[in-house]
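I opened the notebook to record what I looked up in this model. The entries follow in the order in which I made them.

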Amino acid sequence: MRTAVYPGTFDPVTNGHLDIIRRSAELFDEVVIGVLHNSAKTPLFSVEERVKILEKATRDISGVKVVSFSGLAVDFAKQCNAKAIVRGLRAVTDFEYELQMAQTNRVLAPAIDTIFLTTSLEYAYLSSTTVKEVARFDGDISEFVPEFVAEEIYKKMGRPV
């Protein structure tokens, strides 16, 4: 079985993330979405909430599993018996950071490759940070995330849905 992991914070999951997940699921038998618990960050949603949101958002995509993890993505990939780590690229600035991480991971685990998928053009501008900022200022985020995710964000921010 060809397994890949797609690690990230996913706070919140965006349509851009879902695009990468769908495309990854076409390339691999199993895609394990790793929801990172990073104690250095203060996310909008808890790890458990992000896992539940991603499970709901990906329930129609076969071969996808959602789990939480902490630590290095390459160690998470090893635990999942994955042969690849999937990363989405929006711009050249993403590439510089992701290339450095991929090279580091290659030293740590030579048997695990990093696969870069360029984001579909309609999502090239999109980030979880942007979604949260627009929502904080009462903007419409319906084009950025699934409808139920938008509702969860607004609820979390104390805004009427």
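How do the residues of the lining of the largest pocket divide into nonpolar, polar and charged? I found 17 nonpolar, 15 polar and seven charged. In this scheme Ala, Val, Leu, Ile, Met, Phe, Trp, Tyr, Cys and Pro are nonpolar, Asp, Glu, Lys and Arg are charged, and the others, Gly among them, are polar.

I noted that the model is predicted, with local features needing pLDDT of at least 70, side-chain atom pairs counting only at pLDDT 80 or more, and totals for chains, interfaces and linings using all residues. Residues are numbered from 1 along each chain as its sequence is written, and side-chain values use heavy atoms, without hydrogens and water.

Entry: the largest pocket. I read a volume of about 1100 Å³, taken as the space filled by probe spheres set on grid points joined across faces, edges and corners. Pro7, Gly8, Thr9, Arg87 and Glu98 are the closest to its centre among the 39 lining residues. A pocket here is an open set of points on a 1 Å grid over the protein atoms alone, where a 1.4 Å probe fits, with protein on both sides within 12 Å along at least five of seven lines; lining residues have an atom within 4 Å of a point. Elements giving two or more residues to the lining include strand 1 (3-8), helix 1 (15-27) and strand 4 (84-89). Helix 4 gives the most, six residues. Helices (H or I, at least four residues) and strands (E, at least two) are DSSP runs numbered from the N terminus.

Entry: helix 1. I read 13 residues and a reach of 19 Å from first C-alpha to last, close to the 18 Å expected at 1.5 Å a residue; the expectation is 1.5 Å times one less than the number of residues. Ser24 is found in helix 1 and is buried (under 20% relative accessible area, with a 1.4 Å probe and protein chains only), at 0%. Not counting residues up to four places away in sequence, Ser24 touches Val31, Val86 and Leu117, a contact being heavy atoms within 4.5 Å.

Entry: Thr14. I located Thr14 in the loop between strand 1 and helix 1. Thr14 counts as buried because its relative accessibility is 2%. Thr14 caps the N-terminal end of helix 1, with a side-chain oxygen 3.2 Å from the backbone nitrogen of Gly16.

Entry: Ala102. I found Ala102 in helix 4, buried at 13% relative accessible area. The C-alpha atoms of Ala102 and Thr114, twelve residues apart along the chain, are separated by 5.8 Å.

How values were computed: A polar contact is a pair of N or O atoms within 3.5 Å; within protein, one must be able to donate a hydrogen and the other to accept it, and residues adjacent in sequence count only if both atoms are side-chain atoms. Buried means under 20% relative accessible area, exposed over 50%, partly exposed in between (1.4 Å probe, protein chains only).
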